[in-house]
Amino acid sequence: MKKTLPLISVLLFFLTGSAVFAHGVDEQTKAFLLGNEGAAFFPFLYIGAKHMITGYDHLLFLVGVIFFLYRLRDILIYVSFFTIGHSLTLLLGVLSHISIDAYLIDAIIGFSIVYKGFDNLDGFKKVFGFEPNAKAAVLIFGLFHGFGLASKLQEFELGQDGLLTNLIGFNVGVEVGQFIALAFVLIIISIWRQFDSFKKFATVTNTLLMAAGFTLIAYQLTGYFLQ
């Protein structure tokens, strides 16, 4: 039991730490985005990767998605549905100038975290007597997560010159960051699954996941009503 505590502590810190500040942009990145002109594929790739690694709201949702997935094939399928969803709306949102209030879209992203934690606890079956289609839910929430990414980029009013190249670079970077973060999470979960405490603390972990989602919802809605 003592050997498992460090693993549990690392995972729970990852699940709950800094969730409400998931979309912060540092001053250096902000200055680059505001001043950039023309195509800059690799800088945008770097920004996308950094944003995803520090984008705890996106990663909290993915942690919930893969928490009870044991086969690599299943993990790839579900992550692919999420990737398709957020890639579509990221490009659509920016290129078509579809603007959604950042606070509201981030509140929906927070709800997606609550949804997945509740689903992992068999809440739908216990409370409502049915189970939603898990793959469809991941795809739908992926669409909202993509609009969240788009809303952040739209704040900087990116120039049209090289815009598509920059968006592709950003999206590729998001996938790179997602892969790095998920690899880290999968290593922790895979090791943790070897201990009896995984099943014992699975309920606590997913409850904390829901709590992080509710915290994000409250934070974003407060920002929306006070703006």
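This is a predicted model: local features need pLDDT of at least 70, side-chain atom pairs count only at pLDDT 80 or more; totals for chains, interfaces and linings use all residues.
## Overall make-up

The protein contains 10 helices and 0 strands. Read from the N terminus, its elements follow the order α-α-α-α-α-α-α-α-α-α. The chain has 227 residues, and 48% of the residues in the protein are buried.

## Aromatic pairs

A search of the whole structure gives 17 aromatic pairs. One of them joins F68 and F198 in an edge-to-face arrangement, with 6.2 Å from centre to centre and 80° between the planes. F68 belongs to the loop between α4 (56-66) and α5 (72-95), while F198 belongs to helix α10 (residues 197-226), so this pair ties together parts that are 130 residues apart in sequence. The two partners can also be described by their accessibility. F68 has a relative accessible area of 35% and is partly exposed. F198, with a relative accessible area of 3%, is buried; the cut-off for buried is under 20%.

F118 and F124 form another pair. Their ring centres are 5.0 Å apart and their planes stand at 80°, so this pair is edge-to-face. The threshold matters here, because an angle over 60 degrees between planes counts as edge-to-face. F118 has 22% relative accessibility and counts as partly exposed, whereas F124 is buried at a relative accessible area of 11%.

## Ring cluster and a charge over a ring

Another ring, that of Y70, has a charged group over it. The group is the charged end of R193, and it lies 4.1 Å from the centre of the Y70 ring.

N120 is part of helix α6, which covers residues 102-120. Its relative accessibility is 12%, and N120 therefore counts as buried. A polar atom of the N120 side chain lies 2.8 Å from the backbone oxygen of G64.

T207 is located in helix α10. With a relative accessible area of 40%, T207 is partly exposed. The side chain of T207 reaches the backbone oxygen of T203 at a distance of 2.7 Å. T207 can also be set beside G117: the two residues are 90 residues apart along the chain, and their C-alpha atoms are separated by 6.5 Å.

## Nonpolar surface patch

On the surface, a nonpolar patch is formed by I53, L95, L164, I168, V172, V176, F179 and I180. Together these residues have about 670 Å² of accessible area. Helix α9 (residues 163-192) gives the most to the patch, contributing 6 residues.

I168, one of the patch residues, is found in helix α9. Its relative accessible area is 39%, and I168 is partly exposed.

Note on methods:
Residues are numbered from 1 along each chain as its sequence is written. Side-chain values use heavy atoms; hydrogens and water are left out. Rings of Phe, Tyr and Trp (its six-membered ring) pair if their centres lie within 6.5 Å; planes under 30 degrees apart count as stacked, over 60 as edge-to-face and the rest as tilted. Helices (H or I, at least four residues) and strands (E, at least two) are DSSP runs, numbered from the N terminus. Buried means under 20% relative accessible area, exposed over 50%, partly exposed in between (1.4 Å probe, protein chains only). A charge sits over a ring if NZ of Lys or CZ of Arg is within 6 Å of the ring centre and within 35 degrees of the ring normal. A polar contact is a pair of N or O atoms within 3.5 Å; within protein, one must be able to donate a hydrogen and the other to accept it, and residues adjacent in sequence count only if both atoms are side-chain atoms. Patches are made of residues with over 30% relative accessible area and no salt bridge: like charges are joined within 9 Å, nonpolar side chains (Val, Leu, Ile, Met, Phe, Trp, Tyr) within 5 Å. Accessible areas come from the Shrake-Rupley method with a 1.4 Å probe; for residues, only the protein chains shown count as cover. A salt bridge is a side-chain nitrogen of Lys or Arg within 4 Å of a carboxyl oxygen of Asp or Glu.
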